[in-house]
Amino acid sequence: MPEFTPTAEKRVERPDIRPRSPMTGMPLRAKDLVPLSLEVQEGTGYGNGDGRTRYLCSLSKKQIGSQPCVLLKPSGVVILESVFEELVKPTMRDP
């Protein structure tokens with residue numbers, strides 16, 4: 001049965017030391033990272049007997065689930081993309 005024995009012909013490449021940006025492909029630097037200000041829904045989380053912590057949009061207070069969301073870099077708040085298109089994009093000001 002030697003013909004069924006796997007061979008190690010392919011070598012796995014060693015991963016990069018620094019992770020790459022998904023937007024540019026360039027290595028990330030510490031100053032590129034932004035701290036997030038996530039709003040947590042009251043009464044959720046492990047401390048309240050619920051297994052999931054639920055996060056809210058900072059402007060509309062709607063729950064963020066699988067909807068697309070946007071990070072506003074100057075303030076670090078996370079909002080829903082629909083709220084961004086409606087309220088932020090026309091003026092391009094961080095509320």
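How much space lies in the largest pocket? The largest pocket holds about 180 Å³. A pocket, on a 1 Å grid over the protein atoms alone, is an open set of points where a 1.4 Å probe fits, with protein on both sides within 12 Å along at least five of seven lines. Its volume is the space filled by probe spheres set on the points, and grid points are joined across faces, edges and corners.

This is a predicted model: local features need pLDDT of at least 70, side-chain atom pairs count only at pLDDT 80 or more, and totals for chains, interfaces and linings use all residues. Residues are numbered from 1 along each chain as its sequence is written, and side-chain values use heavy atoms, with hydrogens and water left out.

**The pocket lining**

The residues lining the largest pocket are Ser21, Pro22, Met23, Leu28, Asp32, Leu33, Val34 and Lys73. Lining residues have an atom within 4 Å of a point. By class, five are nonpolar, one is polar and two are charged. Here Ala, Val, Leu, Ile, Met, Phe, Trp, Tyr, Cys and Pro count as nonpolar, Asp, Glu, Lys and Arg as charged, and the others, Gly among them, as polar.

**Overall build**

Helices (H or I, at least four residues) and strands (E, at least two) are DSSP runs, numbered from the N terminus. Their order from the N terminus is β-β-β-β-β-α. The radius of gyration is 21 Å, well over the 12 Å that the globule rule gives for 95 residues, so the chain is more spread out than a compact globule. That radius is taken over C-alpha atoms, and the rule is 2.2 Å times the number of residues to the power 0.38. The C-alpha trace spans about 65 × 40 × 25 Å along its principal axes.

Of the 95 residues, 18% count as buried. Buried means under 20% relative accessible area, exposed over 50%, and partly exposed in between (1.4 Å probe, protein chains only).

Three strands form an open antiparallel sheet in the order β1-β2-β3. β1 (39–40) and β3 are the edge strands, each pairing on one side only. Two strands pair if DSSP finds at least two bridges between them. β2 and β3 are joined by two bridges. Tyr55 stands opposite Ile64 in β3.

β4 (residues 69–72) and β5 (residues 77–80) pair in the antiparallel sense. Four bridges link β4 and β5. Leu72 has Val77 in β5 as its bridge partner.

**Loop and tail residues**

Ser58 sits in the loop between β2 (55–56) and β3 (63–64). Ser58 is buried, because its relative accessible area is 15%. Neighbours within four places in sequence aside, Ser58 is in contact with Ser37, Glu39, Val77, Val78 and Ile79. Contact means heavy atoms within 4.5 Å.

Lys61 also lies in the loop between β2 and β3. Met92 is in the segment after α1 (81–88). Neither is a glycine, yet each has a positive phi.

| Residue | Phi | Relative accessible area |
|---|---|---|
| Lys61 | about 65 degrees | 44%, partly exposed |
| Met92 | about 55 degrees | 60%, exposed |
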